[in-house]
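Biologist: Before we begin, could you walk me through this model slowly, one point at a time, and explain each term when it comes up?

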Amino acid sequence: MTYRSRGRSLIEVIIAVLFVSFLVGFITVLCIGNYFRAKRAQERQRQRRLAKLASYPEAGGATGGGGSYEAPASIENGVQA
């Protein structure tokens, strides 16, 4: 073996390798789970946004077009009064 165990027994080296493998696997599972959780949350947010847009017919439905936006009257030349 090219790795020098520095006085450690084979059992200690195997335990260390198993421990590091467990940590790497555990962190990987956490990251993958977080990715899918965030993906589901993003999809739920998208569905909420689409439902909200569809509930306002004056906003143009789900297309988002329409003239419901009015500029604030108190803003003149980029300065608020």
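Biologist: Is Phe22 buried, partly exposed or exposed?
Modeller: This is a predicted model, in which local features need pLDDT of at least 70 and side-chain atom pairs count only at pLDDT 80 or more, while totals for chains, interfaces and linings use all residues. Residues are numbered from 1 along each chain as its sequence is written, and side-chain values use heavy atoms, with hydrogens and water left out. Buried means under 20% relative accessible area, exposed means over 50%, and partly exposed lies in between (1.4 Å probe, protein chains only). Phe22 has a relative accessible area of 53%, so this residue is exposed.

Biologist: How many aromatic pairs does a search of the whole structure find?
Modeller: Rings of Phe, Tyr and Trp (its six-membered ring) pair if their centres lie within 6.5 Å; planes under 30 degrees apart count as stacked, over 60 as edge-to-face and the rest as tilted. With that rule, a search of the whole structure finds aromatic pairs to the number of two.

Biologist: What kind of aromatic pair do Phe22 and Phe26 form?
Modeller: The two rings are 5.9 Å apart, centre to centre, with 25 degrees between the planes. Phe22 and Phe26 both lie in helix H1, four residues apart, which is about one turn of the helix, and Phe26 is partly exposed at 45% relative accessible area. The pair that Phe22 and Phe26 form is stacked.

Biologist: And what kind of pair do Tyr35 and Phe36 make?
Modeller: Tyr35 counts as partly exposed at 49% relative accessibility, and Phe36 also counts as partly exposed, at 43%. Their ring centres are 5.2 Å apart and their planes stand at 75 degrees, so the pair is edge-to-face.

Biologist: Which two residues have side chains that meet in a salt bridge?
Modeller: A salt bridge is a side-chain nitrogen of Lys or Arg within 4 Å of a carboxyl oxygen of Asp or Glu, and the structure holds one. The distance from N to O is 3.0 Å, and the two residues are Glu43 and Arg46.

Biologist: What accessible area does the nonpolar patch on the surface have together?
Modeller: Patches are made of residues with over 30% relative accessible area and no salt bridge, where like charges are joined within 9 Å and nonpolar side chains (Val, Leu, Ile, Met, Phe, Trp, Tyr) within 5 Å. Among the members of the nonpolar patch are Phe19, Phe22, Phe26 and Ile27, and Ile27 counts as partly exposed at 48% relative accessibility. Accessible areas come from the Shrake-Rupley method with a 1.4 Å probe, and for residues only the protein chains shown count as cover. Together, the patch has about 790 Å².

Biologist: Which residues gather in the patch of positive charge?
Modeller: Lys and Arg count as positive and Asp and Glu as negative, whereas His and the chain ends are not counted. One of the members, Arg37, has its place in helix H1 (residues 10–54) and is partly exposed, with a relative accessible area of 45%. The residues that gather in this patch on the surface are Arg37, Arg40, Arg44 and Arg48.

Conventions:
The place of a charge is taken as NZ of Lys, CZ of Arg, CG of Asp or CD of Glu. Helices (H or I, at least four residues) and strands (E, at least two) are DSSP runs, numbered from the N terminus.
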